[in-house]
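Here's a quick look at the pockets of a model, with a stop at one residue along the way. Have the structure open as you read.

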Amino acid sequence: KKDKNITKLFLELKKIRSKPFDLKFKNISIFFEKSPFYVIRWKHNKEIILLKNEIEKILTEAQKKRLIKNFKLKLDFISKSTIAHQDTNINNLKSISKLLKNSNFPKYCLVDNISLYRFILNKEEESIFEIKLNSKL
């Protein structure tokens, strides 16, 4: 049943009508939760907000149909890429920050696909599927 639901979700997400787009670099940030994690933050643009809204709509409907569970709308959406998470703690905060400060980061990121990963804490993530955005739109 789980695989059937994933297939149905995949078919719904394939209906997304978005072409590839760029996100511009904003900054490096540290988020403090149980342990600190570092992210590259990207500047929001019209395309990322439209894509986010479309994905949220599909996931909300998928949850109503019981294809997925535990989906929550993220009203405080931030486009970001995690660069350090599980290996970080308060003790190595200074050394990691120094390393990141002296690193070169991309000026932009090309968003050209939507990927679904199976994630279980302390296990390797597993790619479920990838949908290429349509460059011919």
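Which helix does N5 lie in? N5 sits in helix α1, residues 2–13 (helices are DSSP runs of H or I, at least four residues, and strands runs of E, at least two, numbered from the N terminus). This is a predicted model, where local features need pLDDT of at least 70 and side-chain atom pairs count only at pLDDT 80 or more, while totals for chains, interfaces and linings use all residues. Residues are numbered from 1 along each chain as its sequence is written, and side-chain values use heavy atoms, with hydrogens and water left out.

N5 is buried, at 12% relative accessible area (buried means under 20%, with a 1.4 Å probe and protein chains only). Leaving out residues up to four places away in sequence, N5 touches R66 and L67 (contact means heavy atoms within 4.5 Å).

Now for the pockets (open sets of points on a 1 Å grid over the protein atoms alone, where a 1.4 Å probe fits, with protein on both sides within 12 Å along at least five of seven lines; lining residues have an atom within 4 Å of a point). Volume is the space filled by probe spheres set on the points.

| Pocket | Volume | Lining by class |
|---|---|---|
| Largest | about 2100 Å³ | 26 nonpolar, 8 polar, 12 charged |

Ala, Val, Leu, Ile, Met, Phe, Trp, Tyr, Cys and Pro count as nonpolar, Asp, Glu, Lys and Arg as charged, and the others, Gly among them, as polar.

The largest pocket has 46 lining residues, with L59, F71, S115, L116 and Y117 nearest its centre. Elements giving two or more residues to that lining include α1, α2 (46–64) and β5 (113–118). For the second largest pocket, α2 supplies the largest share of the lining, 5 residues; the lining includes R17, F21, K46 and E54.

Conventions. Buried means under 20% relative accessible area, exposed over 50%, partly exposed in between (1.4 Å probe, protein chains only).
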